[in-house]
Amino acid sequence: MVARSSRSVIRNRYKKSQGIVQSEDGSVLLVALGIIVLLFVVVVGIFYFALDTQKNMVLADRFTKLKDAKSYAIEESKTRLMTYFDEETRKIIDAVSDASNDSLIKTEVEQRMRRLTQTDTFGDISSPFFSSQAFGVDKQYQFKVGVLDQVDVKTAEVYDSAETGGWSNSSSSQTPQEAKRITVPINIELGEKKGSGTIKHDFSSRFVYEVQWENVLTTLNPSLTRGVEFGQLDTWRNVFYNHYANGENGLISADTWTRLLYRGYRYQEKKQVAFDEVAYGAAVATYTFGRKGGKGSVVDTKLTDTASAVTRRLTKDISGRGSLIIEDTGLNAVGKKTVTSDNMIAVVSNRKKVDTEFTGLNIMATTGMLLSRYDQETTIKSSQIETPSWLVTQTRKKNKMKDTALLLDNTTIKLSKSAAKFDYSSYLKTSGLTNPQINKQWSDMLKGGLIIGSSVVELVSGTTITLGAESNFMLTNASIKESTKGEESFSYQTAYSKTAAAIPNPPSVLKIGTGTSIVQDASGVSFIDAPKRNRRMSTSEGTVQPQVDWIDASISRNRIEIASGGKLALGKTGIEPFDLKLAKDAEFSFYATSDTTLFDTSFIKTGTIKGKLIIYTWDTIAEIGKFLDSQGITYTARSSAAEAVNGEITVISINYMPGKGGLNVVRTFGYLVDVDFMKKK
């Protein structure tokens, strides 16, 4: 009875438990299903949230890139307008009858703006001031810029020398100065490709150009021209520690000239191709170098001593686009052969320490020439050279120099403004370096010149060098050392000693032999330099060169030696301490500036003068004579060079006719105001 009862209880409990489980089975499924649905909703929610976030990120990224594109367009507009007004300012001021009259300048500028931009009936730019190429990751942006003729011109403040670092009011010129503030509205249309369509964005700004100048009349009173005349010389003679404001007066310094020419040479350095001796051998009469890839693609070409069949016997003309780099080898022509380059011709070294010779060549380089070798001699013999600019710079072993770095033997050299211009955009690939041609003073470098930097140059056997009307000249210790920092090494010194004393580069020596000559146009600018630690102050800064800044001037002075029958005739010339050896029947002449600040007379006092030393002046003889008297120098006034005699200092006064006048622009400044990225028409 008891056992049966126990089995019954157990059976009932089992059934009860089974019943409970069976009654809850549907609820568990519903709960599981609910969880799955909830998870699905959460996942879908996260997915849509991610999509929305991604959409917002893409939208934000697009607007960020759009703003960058607009900023680029507005900055490019400023750069282009600054360049335009820097080039046109003198023409604008010259074009008006009274430059003091704001309304006259306003009318002149407005007329120019109308020629620069045309708009259609809807106000859209049809003919822009300039337009860009497509840019952006997907080439999705392109803009065009228009200038409006609603110009505003107001009289601006004239700043003095103390406020502008010494370049606003020349102490050598007391002529009054004027300043104008010219404001030009600009509109920019930016096209953004979006899918199959293009979205147009309009925005605007105003460009403000400030200019300060002095009016200089060219009259029979030369003292009124001193601002312009001396300003040219004061700018050109700057080498190393260039004054920050030099570019503002529209003139080029020797420092800028040298660096621009060097940049032109180095621009495609990493993309040069070896001279193709096989193609040269297959050519009939002229081998053309510098082409690669598609039509119009250009590369620089390097010719080395490996092309022995070419360098030992040049039997064909060589002509091409790009630059021709000639390294550690010469060219000896069979008969007379022509070597031309649309860009530059450079004679350089990789320190093989071999002397080189070029014989029987007609050499023509559109942009310029460079001689940069390491303690070797280069001879150019029985040849003709035509190029605008030539830089001769040497690196010396242990600061010593060979007797001659460049020997010019029976060679004719013409350095004058280039009629043609090489286009750097025609190179095969864009260099990582900045295109030197976009520098606003590139065209000034192409006007011509000769700089001899820490080198010995010798002229023999009837060699002549002619510098054109706008060509400049300099003899200096400063040089570029390619083995170190290239352009950045351009300075007067090689290093500092353990005692922190500056060690100057070896001096330059110019040797003009019997029957040879260097002749510069009277309007050219020359400077005979001395090594120094720091930039020589501008005279308008009210200071002179402290003696502590000279670097062993007595030991490292540059030197000019002119043999009997030799001639050196320079234009407007600035002179720092140098050594002169003038043989009997030799001639050295130059035009002295009205301001004698840059006329050091130690070369007369300590030099060997057995020949004819002629000083031309646009002032009266009495004025330059007073200066020479103050220096204890005896001179003779004469009317022409034909009257000069050996061993005598001759002063000749040059008369000239009155002219319209000139402008000496002493300060320019440009900036943007009222930038509106959300402009609506």
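## Loop residues with positive phi

Asn 410 is placed in the loop that joins β20 (406-409) to β21 (412-415). In this predicted model, the residue has a positive phi of about 50 degrees, although Asn 410 is not a glycine. Most residues other than glycine have a negative phi. With a relative accessibility of 41%, Asn 410 counts as partly exposed.

Asp 585 is a further non-glycine residue with a positive phi, here about 70 degrees. Its place is the loop between β35 (579-582) and β36 (587-592). Asp 585 is partly exposed, at 44% relative accessibility.

## Surroundings of Ser 383

Asn 410 is also one of the residues touched by Ser 383. Ser 383 belongs to the loop between β17 (378-381) and β18 (384-387). The relative accessible area of Ser 383 is 0%, so the residue is buried.

A polar atom of the Ser 383 side chain lies 3.1 Å from the backbone nitrogen of Leu 361 and 3.4 Å from the backbone nitrogen of Gly 360. Leaving aside residues up to four places away in sequence, Ser 383 touches Lys 336, Phe 358, Thr 359, Gly 360, Leu 361, Asn 410, Thr 411 and Thr 412.

## Salt bridges

Side chains of opposite charge can pair when their charged atoms come close. Across the whole structure, 21 salt bridges are found. One of the pairs is Lys 302 with Glu 327, at 3.5 Å from N to O. This pair connects distant parts of the chain, 25 residues apart: Lys 302 is in strand β10 (residues 301-303) and Glu 327 in strand β12 (residues 324-327). Lys 302 is partly exposed, with a relative accessible area of 27%, whereas Glu 327 is buried, with 14%.

Arg 266 and Glu 269 also form a salt bridge through their side chains, with an N to O distance of 2.9 Å. Glu 269 is partly exposed, at 34% relative accessibility. In the salt bridge of Arg 559 with Glu 561, the N to O distance is 2.6 Å. Arg 559 is partly exposed, at 22% relative accessibility. Elsewhere, a network of salt bridges links Glu 88, Lys 91, Glu 108 and Arg 112.

## Aromatic pairs

A pair of aromatic rings is described by the distance of the centres and the angle of the planes. The structure has a count of 27 aromatic pairs. Among them is the tilted pair of Tyr 267 and Tyr 427, with 5.9 Å from centre to centre and 55 degrees between the planes. The two residues are 160 residues apart and link distant parts of the chain: Tyr 267 is in the loop between α4 (254-266) and β8 (273-274), and Tyr 427 is in the loop between β21 and α7 (442-445). Tyr 267 is buried, with a relative accessible area of 6%, and Tyr 427 counts as buried at 6%.

The ring centres of Phe 669 and Tyr 671 lie 5.4 Å apart and the planes are at 45 degrees, so this pair is tilted. Phe 669 is partly exposed at 46% relative accessibility, and Tyr 671 is partly exposed at 24%.

## Ring cluster and charges over rings

Ring pairs join Tyr 72, Tyr 84, Phe 85, Phe 129, Phe 130, Phe 143, Phe 207 and Tyr 209 into a cluster. Over the ring of Phe 130 sits the charged end of Arg 80, 4.5 Å from the ring centre.

The charged end of Lys 316 sits over the ring of Tyr 280, at 5.2 Å from its centre.

Definitions and conventions
Residues numbered from 1 in each chain as written. Predicted model: local features only at pLDDT ≥ 70, side-chain atom pairs only at ≥ 80, totals over all residues. Heavy atoms only, no water. Salt bridge = Lys/Arg side-chain N within 4 Å of Asp/Glu carboxyl O. Buried < 20%, exposed > 50% of the residue type's maximum accessible area, 1.4 Å probe, protein only. Helix = DSSP H or I, 4+ residues; strand = E, 2+ residues; numbered from the N terminus. Polar contact = N/O pair within 3.5 Å; in protein donor to acceptor, adjacent residues only side chain to side chain. Contact = heavy atoms within 4.5 Å. Phe/Tyr/Trp six-rings, centres within 6.5 Å; stacked < 30°, edge-to-face > 60°. Lys NZ or Arg CZ within 6 Å of the ring centre and 35° of its normal.
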